[in-house]
Amino acid sequence: MDAARPLYVPVILGTSRRGRMSLPVAQLMVSSLSGRSEIETELIDIARMRPRVDDAGEAIKDAAFSARMSRADALVVVSPEYNHGYSGLLKHVLDSCLKEYVHKAVGVVGVSAGPFGGTRGIEALLPVLRELGLVTIFWDVNFSTVQNVFEGSGALRDQAYLPRIDKFLGELVWMARTLRHGREHVVLESGPRQAKAEAKPMICPSCGLEMNHHAEKAVLSTGPADVVEALHACPACGTGASRRGETGTTR
Ligand SMILES: Cc1cc2nc3c(=O)[nH]c(=O)nc-3n(C[C@H](O)[C@H](O)[C@H](O)COP(=O)(O)O)c2cc1C
């Protein structure tokens with residue numbers, strides 16, 4: 001582990017609903033992460049973002065949110081279950097970034113009033129996270145009948161959640177470290193029929209070193225040709241950068 005560069009793992013609170021019970025859940029996840037050495041975390045409350053609703057996707061990108069997603073090594077998404085799905089506002093906010101997520105880890109914490117701990121919302125969210133380029137872990141945390149889990153003060157009433165959170169975070173941190181190594185050191189191999197579009201290396205804007213080309217992600221558009229975003233990461237400082245090239249091959 002690079003001690004000079006702690007993992008940054010923010011917690012996204014996926015609802016703006018008044019009286020939301022996902023708030024104490026998200027606060028518990030932040031305090032659990034804060035207790036781990038070599039991790040920096042913070043709460044990202046989508047209620048504070050007030051995203052525009054007259055457009056969607058990268059057109060509504062919020063600069064501060066984008067910067068946090070670029071910096072992140074992993075995400076914890078606190079996902080309330082709404083009618084067996086995920087929160088619409090959470091999806092709207094997540095859709096605002098793309099290249100920022102690629103080859104980063106994500107774990108989902110489901111929250112529900114009913115007995116299933118948000119699992120139906122989690123299952124619906126997984127393909128969305130995958131399409132965004134995130135790598136999902138195989139542990140979740142499920143807060144069933146969440147109205148009984150916390151005291152009115154927000155303190156955790158049911159201590160059985162703590163070892164489950166430890167397991168979940170252990171796996172998330174492992175995946176975050178592994179993917180950071182991959183982004184910074186493992187080169188994406190181009191197939192024999194692919195053009196050598198990446199022959200010219202990208203240079204890190206922060207430290208001037210040659211960056212590692214670790215991924216290509218299709219950016220679907222309504223224009224005549226799709227675009228591929230080539231993603232790079234600096235092996236020394238972790239800075240990410242990308243550049244776009246055209247392709248006709250992704251549809
Ligand atoms: C629009 C809406 C739909 C909901 N649908 C479900 C559901 O399908 N299953 C369930 O267990 N709880 C459902 N709930 C209750 C929430 O899961 C519950 O409020 C929980 O605390 C998480 O959401 P919250 O953070 O907004 O409180 C729903 C709540 C809302 C507002």
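Alanine 113 is placed in the loop that runs between strand 6 and helix 4 (119–131). In this predicted model, alanine 113 has a relative accessibility of 54%, which is over the 50% cut-off for exposed residues, and it therefore counts as exposed.

When neighbours within four places in sequence are left aside, alanine 113 is in contact with Thr145, Val146 and Gln147. Serine 79 is 34 residues from alanine 113 along the chain, and the C-alpha atoms of these two residues are separated by 12 Å.

## Nonpolar cores

The largest nonpolar core has 33 residues, of which Met29, Val76, Val78, Val109 and Phe143 touch the most other members. Two or more residues of this core are given by each of strand 2 (11–13), helix 1 (22–34), strand 5 (74–80), strand 6 (104–111), strand 8 and helix 5. Helix 5 supplies the largest share, nine residues. Another core, of 25 residues, lies apart from this one; Met69, Leu75, Tyr101 and Val106 are among its members. In soluble globular proteins, nonpolar side chains tend to be buried together.

Beyond its neighbours within four places in sequence, valine 109 is in contact with Val25, Met29, Val76, Val77, Val78, Ser79, Ile122, Val141, Phe143 and Phe168.

## Aromatic pairs and charges over rings

The model contains two aromatic pairs. In one of them, phenylalanine 143 and phenylalanine 150 are stacked, with 6.0 Å centre to centre and 20° between the planes. Both phenylalanine 143 and phenylalanine 150 are buried. In the other, the ring centres of phenylalanine 143 and tyrosine 161 are 4.3 Å apart and their planes are at 5°; planes under 30 degrees apart count as stacked, so this pair is stacked as well. Because phenylalanine 143 lies in strand 8 (residues 141–143) and tyrosine 161 in helix 5 (residues 161–185), the pair ties together parts that are 18 residues apart in sequence. Tyrosine 161, like phenylalanine 143, is buried. Phe143, Phe150 and Tyr161 form one aromatic cluster.

Charged groups also sit over aromatic rings. The charged end of arginine 164 is placed over the ring of tyrosine 161, at 4.8 Å from the ring centre. Elsewhere, the charged end of arginine 71 sits over the ring of tyrosine 8, and here the distance from the ring centre is 3.8 Å.

## Overall form of the chain

The chain has five helices and 11 strands. Its radius of gyration is 19 Å, close to the 18 Å given by the globule rule for 251 residues, so the chain is as compact as a globular protein of that length. Along the principal axes, the C-alpha atoms fill a box of roughly 60 × 40 × 30 Å.

Of the 251 residues in the chain, 45% are buried. The chain exposes about 12,600 Å², and carbon and sulfur atoms supply 53% of this area. Among contacts between residues at least 6 apart in sequence, 72% join residues at least 24 apart.

Note on methods
Residues numbered from 1 in each chain as written. Predicted model: local features only at pLDDT ≥ 70, side-chain atom pairs only at ≥ 80, totals over all residues. Heavy atoms only, no water. Phe/Tyr/Trp six-rings, centres within 6.5 Å; stacked < 30°, edge-to-face > 60°. Buried < 20%, exposed > 50% of the residue type's maximum accessible area, 1.4 Å probe, protein only. Helix = DSSP H or I, 4+ residues; strand = E, 2+ residues; numbered from the N terminus. Lys NZ or Arg CZ within 6 Å of the ring centre and 35° of its normal. Rg over C-alpha atoms; globule rule 2.2 N^0.38 Å. Contact = heavy atoms within 4.5 Å. Areas by Shrake-Rupley, 256 points an atom, 1.4 Å probe, with all protein chains shown as cover. Core = buried A, V, L, I, M, F, W, Y, C linked by side-chain atoms within 4.5 Å.
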